[in-house]
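Colleague: Before I use this model, I want the terms tested against the values. Please show it to me.

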Amino acid sequence: MPRRFTCTDKWEDVWFSELDLDMKAAWIYILDKCDNAGIWKRNFKNLCFHCSSTKSAEEITDVFKSRIIEINNGKWFIPKFLNSTFRGFGVL
């Protein structure tokens, strides 16, 4: 089971603090489930199940569009994941 440090500064980040609870849980889920390169194979069904969310894939994508890059084969790249991982703190 992979283990990660996370940046506790995320709770002070304006973007993160303005998310509703479903979206906060979804963002943390994505960061926990992405690989070491910051790539998450989209699986909104599992995300919604594990986060007890009723948000649609479109709603989630719209909220996170400034923090992700959609790549082929149904995957997202989270650019800041690598920067913060190298610092050893996780992602804002």
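Modeller: We will go through the assignments term by term.

Modeller: This is a predicted model, in which local features need pLDDT of at least 70, side-chain atom pairs count only at pLDDT 80 or more, and totals for chains, interfaces and linings use all residues. Residues are numbered from 1 along each chain as its sequence is written, and side-chain values use heavy atoms, with hydrogens and water left out.

Colleague: How many helices and strands does the protein have, and what makes a run count as one?

Modeller: Five helices and three strands. Helices are DSSP runs of H or I with at least four residues, strands are runs of E with at least two, and both are numbered from the N terminus. From that end the order is α-α-β-α-α-β-β-α.

Colleague: What makes β1 and β3 a pair?

Modeller: Pairing requires at least two bridges found by DSSP. β1 and β3 (residues 75-77) have three, in the antiparallel sense, so the pair qualifies. K41 stands opposite K75 of β3.

Colleague: Why are β1 and β2 called edge strands?

Modeller: The open sheet runs β1-β3-β2, with antiparallel pairing. β1 (39-41) and β2 (69-71) each pair on one side only. From one strand to the next, the twist averages 30°.

Colleague: Why is α2 called roughly perpendicular to α4?

Modeller: α2 (residues 21-33) and α4 (residues 57-64) pack at about 80°, axes 11 Å apart. Roughly perpendicular covers 65 to 115 degrees; under 35 is roughly parallel, over 145 roughly antiparallel, and the rest oblique. Therefore α2 is roughly perpendicular to α4. Axes are lines fitted to C-alpha atoms, for helices over the stretch in contact, and angles run from 0 to 180 degrees between N-to-C directions.

Colleague: Which residues make that contact?

Modeller: M23, A26, W27 and I30 come from α2, and E59, I60, V63 and F64 from α4. Contact means heavy atoms within 4.5 Å. By class, the residues are seven nonpolar, no polar and one charged. Nonpolar means Ala, Val, Leu, Ile, Met, Phe, Trp, Tyr, Cys and Pro; charged means Asp, Glu, Lys and Arg; the others, Gly among them, are polar.

Colleague: What makes α3 roughly perpendicular to α4?

Modeller: The angle is about 90°, with the axes 10 Å apart, so α3 is roughly perpendicular to α4. F44, L47 and C48 of α3 meet A57, I60 and T61 of α4. That contact has five nonpolar, one polar and no charged residues.

Colleague: How do you know that the buried residues of α3 line one face?

Modeller: In α3 (residues 44-51), F44, L47, C48 and C51 are buried. Down the axis of α3, its buried residues fall within an arc of 95°, so they line one face of the helix. The arc is that of the directions from the helix axis to the C-beta atoms. Those buried residues pack against α2, β1, α4 and β3. The face turned away carries exposed K45, F49 and H50.

Colleague: Why is S52 called exposed?

Modeller: Exposed means over 50% relative accessible area, buried under 20%, and partly exposed in between (1.4 Å probe, protein chains only). S52 has 63%, so it is exposed. S52 lies in the loop between α3 and α4. Its phi is near 50°, positive in a residue other than glycine.

Colleague: And what makes N73 count as exposed?

Modeller: N73 has 60% relative accessibility, so it counts as exposed. N73 sits in the loop between β2 and β3. Its phi is positive, about 60°, although N73 is not a glycine.
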